[in-house]
Amino acid sequence: MNEPTPDRTPHTASPTEGETPRAGAPWRTVRAVLSDLRAVDGALYAAVAATPTPTLDRTLRRLSHTADHSKISLSVAAALALLGGRARTAAVVGVGAVAVASASANLLGKRLVRRARPDREAARVTVDRHVPMPTSASFPSGHTASAVAFATAVGVVLPPAAFPLGILASAVGYSRVHTGVHYPGDVAAGAVLGMASAAAALAVARATGPGARLAARA
């Protein structure tokens, strides 16, 4: 009777026996980084909420409310339009940038990301800061996107207006965190979107329209 011939085929470890497959490692790294960023975002929001600023509270609340529907930017645009020339061109390009930013933030960004608004009560944001909590998604900040878009576009065409409008746009963005309706990350994303919207509006202005030559020189 013959003895069974031993199997001399080299043994290959199964996926469960050897090293864990690393195919999903990059995605896990991305998820871990995003988790850390959310933690930092929440910590910054909580720090702002916990810092008492009674002198600033009502001022920033009014600023945040006044910036609804880009009322500040549109008012500035109307004043610039009355001046004519380069100021009028800046107003037109600025309004165009606001339109692009608003559409991008509200029709694309918020619908794609769908981030929930901060829990203002849990963070104990003082009532003196409160503005109505929007029902739309939190990411990105539409107020910031529109304000930055207007400031950037107008500032390129009309450089003397760049600094004051930039300060105003920064204040609008911060006011959204201060009043508790946005995380800092929402505002940062809104600022990036605003700059991109301004670039798009300026590109169109350089190529078309009665103010193309003025915009091209900016």
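Q: Are Tyr 45 and Tyr 183 buried or exposed?
A: Both Tyr 45 and Tyr 183 are buried, meaning under 20% relative accessible area with a 1.4 Å probe and protein chains only, while exposed is over 50% and partly exposed is in between. This is a predicted model, where local features need pLDDT of at least 70, side-chain atom pairs count only at pLDDT 80 or more, and totals for chains, interfaces and linings use all residues. Residues are numbered from 1 along each chain as its sequence is written, and side-chain values use heavy atoms, with hydrogens and water left out.

Q: Thanks! How many aromatic pairs are there?
A: One, counting rings of Phe, Tyr and Trp (its six-membered ring) with centres within 6.5 Å; planes under 30 degrees apart are stacked, over 60 edge-to-face, and the rest tilted. Tyr 45 and Tyr 183 make a tilted pair, 5.2 Å centre to centre with 55 degrees between the planes.

Q: And where do the two sit in the chain?
A: Tyr 45 is in helix H1 (residues 25–50) and Tyr 183 is in the loop between helix H6 (162–178) and helix H7 (184–207), 138 residues apart. Helices here are DSSP runs of H or I, at least four residues, numbered from the N terminus.

Q: New topic: what does Val 93 touch?
A: Leaving out residues up to four places away in sequence, Val 93 touches Ala 153, Val 157, Ala 201, Leu 202 and Ala 205, where contact means heavy atoms within 4.5 Å.
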